Amino acid sequence: MNSQQVHSSPHTPPQNSVTRLMLAVVFAMLPGCMTYVYFFGWGLVINIVLAIFVALATEAGMLRLRQRPVMPFLTDGSAVVTAMLLALALPTLAPWWLTIVGVTFAIVIAKHLYGGLGYNPFNPAMVGYAVLLIAFPREMTAWLPAEIHHMGFMDSLRYTLFETLPAGTTFDTLTAATPLDTVKTELGLDHTLDEIFTSHAGLFGGVAGRGWEWINLMFMLGGLVLIYMKVINWRIPLALLGTLFIIATLFALPAPDIRPSPWFHLFGGAAMLGAFFIATDPVTAATTPRGQLIYGAGIGILIYVIRTWGGYPDAVAFAVLLMNMATPTIDYYTQPRVFGHEED
Amino acid sequence: MKRRLWHFHGGLHLPEHKQASMTKPVVAAALPDEIILPMQQHIGSPAEPVVKVGEHVLKGQRVAKASEYVSAPVHASTSGEVIAIEERGVPHPSGLPLLSIVIKPDGKDEWTELKPVPDYAQLDPSALRNVIRDAGIVGLGGAGFPSFIKLNPGPDNAVDTLILNGAECEPYITCDAMLMQERPRDIIDGLLIMKHALRARHCIIAIEDNKKVALTLLKNSLQEHEAEFLKIVSIPTIYPSGGEKQLIRILTGKEVPSHGLPIDIGVVCHNVATAAAICKVINEGKPLVERYITVTGETLDQPRNLKVRIGTPCIDLLNACGWREDQTDEVLMGGPMMGFGIPALDMPTVKTSNCLLARPKDQPHQQPAMPCIRCGQCAAVCPAQLLPQQMYWYARARDFDKIQAYNLFDCIECGCCAYVCPSRIPLVQYYRFAKTEIWAKERDKEKADHARQRHEFRLQRLERKKKEDEERRRRKKELLKKTQPKPDSEADIKQAAIQAAMDRVKAKRATQKQQKKNIENLNEKQQQAIEAVEKRRQRLRNAGADNEENP
């Protein structure tokens, strides 16, 4: 018996771990990822694998440079989550250097230069995405339309590595803008939504972008599982999606010709991924109960504002980064009433 | 009729591990070779020994008296010889040794003369409190606050509800559950005595709903008329429902104000074991010399509850339950959530010891802590509605002002936050550290304030003395300077009178001198007579001067 050491209570075996949380997030993303692969091909798998590899390598390198223990942090799973989120934000056909630049920036600058796990004020994956979107707008906005299956695994891999396309195709014939992007551009040309949906029939499905609506649904299911497992709580997703829904409804009702429906906003882009997997990143999100509602609602409003009046078709990344900035302030002003204290 | 219950924020459903120690009835632990009675087994100032080494004491005899109001006497838990009064290690988180009376049992376990109270209802509450104080009764739930003080509501407070806490929410611990099963009537009788002392209107015995047997047995021992004012309430099993503030919230929906006491909202809360002990004092005259202790854990062959003489070394109890030392990582006093490791097992059990828990080798502290990822799971389970993640941040940064702004002192150290923390941060340890640092700082500040005050007083004193001296000198000078006395004050009139008298004397002397000039033509006889007179006068004058010098 080791009687000399006296430890502080509680004396219970560990119930939880960062690794467990991160792995749960990874698994909850899988249904959405698989649906993604079904509609857009193998490019995502290649991007994810490459991103994870680069993330772990840079993570290990930075831990070594910062003289931190490598194994506990390398196995915490946070780098894997960052890599997957960034890979999901990339276009399906992404050259290798795009992924490497984005992931390296996310891990080295957005995460470790701020102090590593737990200390980064901004969501690393979203920082990486924002950098890529600003630096390489052409590569970042050329997406495959859903259900183009003549890009097999080898074709995708060949593109990623050498940027060569299958014979008889060109980059421009293969790719198109995303449904959100299309709607934004066409609305800018004074077309009505009906005209847009007719002229780009292949892009749209039941309520939102073709394929996208199913991917969003799957991410939502994965997110609900995370809430059920208490890995994340319901406040941020509900506030985010609820606000987005309400504000989209308010604007769509009087002007249904030029304002897409709330369903289009919720299921057309990255709203579900953002609500359940990005905005809920504990390190960068608000942490008080009321603060989480404000934080989620803020992201919801910003998504709608940027999508509708801003310069980018999807806005999850910028909305999240903007609210990351507000997190300390939100937390400060939303401290819960402590037991036995009067309400302020 | 189902009583309405309230919720408190957070809390945990913990694996109970209670069944293991509840399968066997409670038996008395064997008489040990040595009984060690620390002088402080309670909150307050230590007791003072009233026996000497070599003295023979009887079971139940007072061996130490309460030193102050907040203090409790200590009684011998068996008969025998006092073989030492010295500092011994005691199981306390501080790990500091305490003055203890060591008794070598004579094996007869012979009681001293017992004086039961025949009819407590005839007794004035204050007299009743004195009996309870003299019996050394302290809160047996864990804190060990002298019970008679908590039975004194004070002149300005009315007690609406007296709550007996039988929640026993910590895993593994079952001593209260066993007590409720085996001595339900004692608990109710004790409660009635407490009710009399407090003049309480309502009484509630609260039991977590995982203790069905205890609940039924208690209800069965309730007499018809008692059911009007005494309710036995089953509460949901959620840790820490047995925390005083949490339990009051569950039962009444009211919150004890921060830095306040339950009596502020008309509630008093005692432990069931305390009630049983008070029953023994009044009905049998027996002071607090024994209690139920749960001896349990994965590395015991026969986990069970024992009736233990207070002062029995921990190791004797462990051995009585088939302890496997080689598989044990550490032995805790108390439960896994709030207990503390016992540094040496020859330390005695004390009045507040409710459980000995032997832990196998799978401790959380063997895992390295990761950085806080601010997931907020700690805040979600905190029964005090604190933000543990923020407090941790400021404790680490040693920002003690900020951590108090986050209400550190409302933390009850229940351990829920550390239990759920995915980063395995020993959060409670950080809060204890911060509290200790703040207390130390306050003591230092008090000392510094005191020293500064003394210094300032000294400076003031010196300053005053200087001023007074100056004033005195100034007055003297003025007095000397004053040639024309102005009779506008009593002193001046006096001065003027003196001056006038002196002037008269001067004038007289002048005339005398003048008269002397007229005695030039005297005869020899006259001359001699004058000289003789002058000499005498001179002598007298000298003597007068001597007298003035040596009065």
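The model is predicted. Chain A has 17 helices and zero strands. Between chain A and chain B, about 4,400 Å² is buried, while domain 1 and domain 2 of chain B bury about 720 Å² between them.

**Chain A on its own**

- The secondary structure of chain A consists of 17 helices, with zero strands.
- Chain A has a radius of gyration of 21 Å, which agrees with the value near 20 Å for a compact globule, because that is what 344 residues would give.
- Along the principal axes, the C-alpha atoms of chain A fill a box of roughly 75 × 50 × 30 Å.

**Where chain A meets chain B**

- Chain A brings 42 residues to the contact, and chain B brings 61 residues.
- The size of an interface is often given as the accessible area lost when the parts come together.
- For chain A and chain B the buried area is about 4,400 Å², and carbon and sulfur atoms give 57% of this area.
- Two salt bridges are counted between chain A and chain B.
- B:Glu255 forms a salt bridge with A:Arg337, and the closest N and O atoms of this pair are 2.8 Å apart.
- There are also 24 residue pairs in polar contact across the interface of chain A and chain B, both residues being at pLDDT 80 or more.
- On the side of chain A that touches chain B, the elements giving two or more residues are helix 1 (18-40), helix 3 (70-74) and helix 17 (316-333) of chain A.
- Helix 17 of chain A gives the most to that side, with three residues.
- By class, the side of chain A that touches chain B has 19 nonpolar, 19 polar and four charged residues.

**The two domains of chain B**

- The domain assignment divides chain B into domain 1 (19-358) and domain 2 (372-473).
- The C-alpha centres of domain 1 and domain 2 of chain B are 32 Å apart.
- Eight residues of domain 1 of chain B are in contact with 10 residues of domain 2 of chain B.
- These two domains of chain B bury about 720 Å² between them, with 59% of it on carbon and sulfur atoms.
- In domain 1 of chain B, the residues that lose the most area to domain 2 of chain B are B:Gln246, B:Met337 and B:Met338, together 51% of what that side buries.
- Two residue pairs are in polar contact between domain 1 and domain 2 of chain B, both residues being at pLDDT 80 or more.
- The side of domain 1 of chain B that touches domain 2 of chain B has four nonpolar, three polar and one charged residues.

Terms used
Residues numbered from 1 in each chain as written. Chains lettered and ligands numbered in written order. Predicted model: local features only at pLDDT ≥ 70, side-chain atom pairs only at ≥ 80, totals over all residues. Heavy atoms only, no water. Domains from an automatic or database assignment. Contact = heavy atoms within 4.5 Å. Buried area = accessible area lost by both parts, 1.4 Å probe. Polar contact = N/O pair within 3.5 Å; in protein donor to acceptor, adjacent residues only side chain to side chain. Nonpolar A, V, L, I, M, F, W, Y, C, P; charged D, E, K, R; others polar. Helix = DSSP H or I, 4+ residues; strand = E, 2+ residues; numbered from the N terminus. Rg over C-alpha atoms; globule rule 2.2 N^0.38 Å. Salt bridge = Lys/Arg side-chain N within 4 Å of Asp/Glu carboxyl O.
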